[in-house]
Amino acid sequence: EEVAQRAGYALIIAPSHADPGRELGVVQTFQAYRVAGVISTSSHMTGLQLAQLQQLPSPLILVNHEQGGPGTGSVRIDDADIARSATTHLIDLGHRTIAHIMCDDRAVSSLARLASYRTCLREHGLEDDPRLVIPTVDSEEGGADAARRLLALSPRPTAVFCYNDRIAIGVLAGLQRAGVRVPGEVSVVGVDDISVAPWVTPALTTVRQPSREMGTIAMETTLHLIEGGTAPASIVLPGVLIERQSTAPPGVAG
């Protein structure tokens with residue numbers, strides 16, 4: 001918004017909640033308003049939904065989605081790097097049985113993080129056990145439910161890498177309600193570094209997404225396309241591991 005205002009543009013914000021019907025309505029609304037450009041922040045976009053956006057006569061920038069086309073640019077986080085950072089952090093602490101709680105909606109980012117987690121385990125000589133992959137809904141409640149399923153595993157994992165911070169916070173709550181110490185018995189890592197991540201107990205170790213930088217690049221690229229420039233190749237940014245108190249070597253009191 002700051003970048004747009006400096007350039008003399010105003011934003012129209014249209015949440016679609018990953019609902020295809022709403023997204024079609026958003027496209028139709030944008031067409032009616034004759035918008036100068038569109039930025040979509042959906043990482044769950046299907047080919048059909050992308051095709052609907054590409055029907056607009058204005059430039060299109062995708063955030064957290066790499067699929068593009070003529071007149072389309074993208075900026076996204078490196079999901080493989082995120083998963084590698086989180087999983088390697090847990091391995092370096094000494095964990096050998098590491099679960100992954102993924103988002104069950106099959107989002108592009110979720111599948112990429114799952115693949116990288118599995119690759120990282122194999123590269124370190126650890127078993128890629130499908131029982132350690134737990135799909136859940138993208139919410140704190142989903143994380144709490146995943147924690148219950150995690151505790152039913154045998155042997156129980158000593159660490160868990162979560163798709164995002166919302167799920168990780170639910171996992172923390174679920175483990176604590178079951179009397180499981182974090183990180184004493186189970187270490188937990190999230191992704192995003194949302195505002196509450198340092199304030200939960202224990203403070204959440206996470207991989208930070210450079211959200212502000214991504215927003216700035218998305219708007220600057222949109223303005224470049226509006227002015228007749230060509231769409232750049234997909235811009236990929238790394239995450240940054242933020243180590244806090246929810247991770248520790250196995251068996252360390254916490």
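Visitor: What are the ground rules?

Guide: This model is predicted: local features need pLDDT of at least 70, side-chain atom pairs count only at pLDDT 80 or more, and totals for chains, interfaces and linings use all residues. Residues are numbered from 1 along each chain as its sequence is written, and side-chain values use heavy atoms, with hydrogens and water left out.

Visitor: Which residues of α7 are called buried?

Guide: Buried means under 20% relative accessible area, exposed means over 50%, and partly exposed lies in between, with a 1.4 Å probe and protein chains only. In α7 the buried residues are D165, I167, A168, I169, G170, V171, L172, G174 and L175.

Visitor: What covers the buried residues of α7?

Guide: Contact means heavy atoms within 4.5 Å. The cover includes strands β4 (98–103), β5 (133–136), β6 (159–162), β7 (187–192) and β8 (205–208), and also α6 (140–151).

Visitor: What is found at the start of α7, and what follows α7?

Guide: At the start, a side-chain oxygen of N164 comes to within 3.3 Å of the backbone nitrogen of R166. After α7 comes G179, with a positive phi near 80°.

Visitor: What makes β5 and β10 edge strands?

Guide: Two strands pair if DSSP finds at least two bridges between them. The open sheet has 6 strands in the order β5-β4-β6-β7-β8-β10, with mixed pairing. β5 and β10 (240–242) each pair on one side only, and that puts them at the edges.

Visitor: How do you know that β8 and β10 pair?

Guide: At least two bridges are required, and 3 join β8 to β10. The two strands run antiparallel. R208 stands opposite V240 in β10.

Visitor: Which helices lie across strands of the sheet, and at what angles?

Guide: Axes are lines fitted to C-alpha atoms, for helices over the stretch in contact, and angles run from 0 to 180 degrees between N-to-C directions. Helix α4 (residues 79–92) lies across β4, β6, β7, β8 and β10, at about 170° to β6. Helix α6 lies across β4, β5 and β6, at about 150° to β5.

Visitor: Why is the pair R118 and D128 called a salt bridge?

Guide: The rule asks for a side-chain nitrogen of Lys or Arg within 4 Å of a carboxyl oxygen of Asp or Glu. The closest N and O atoms of R118 and D128 are 3.5 Å apart, so the pair qualifies. R118 lies in helix α5 (residues 108–123) and D128 in the loop between α5 and β5, so the bridge ties parts 10 residues apart in sequence.

Visitor: What makes R118, R122 and D128 a network?

Guide: R122 also bridges to D128, with closest N and O atoms 2.9 Å apart. Salt bridges link these three residues. R118 is partly exposed at 26%, D128 at 25% and R122 at 48%.

Visitor: Are D193 and R244 buried or exposed?

Guide: Both are buried: D193 has 16% relative accessibility, and R244 has a relative accessible area of 15%. They form a salt bridge, with closest N and O atoms 3.0 Å apart. D193 sits in the loop between β7 and β8 and R244 in the segment after β10, 51 residues apart.

Note on methods: Helices (H or I, at least four residues) and strands (E, at least two) are DSSP runs, numbered from the N terminus. A polar contact is a pair of N or O atoms within 3.5 Å; within protein, one must be able to donate a hydrogen and the other to accept it, and residues adjacent in sequence count only if both atoms are side-chain atoms.
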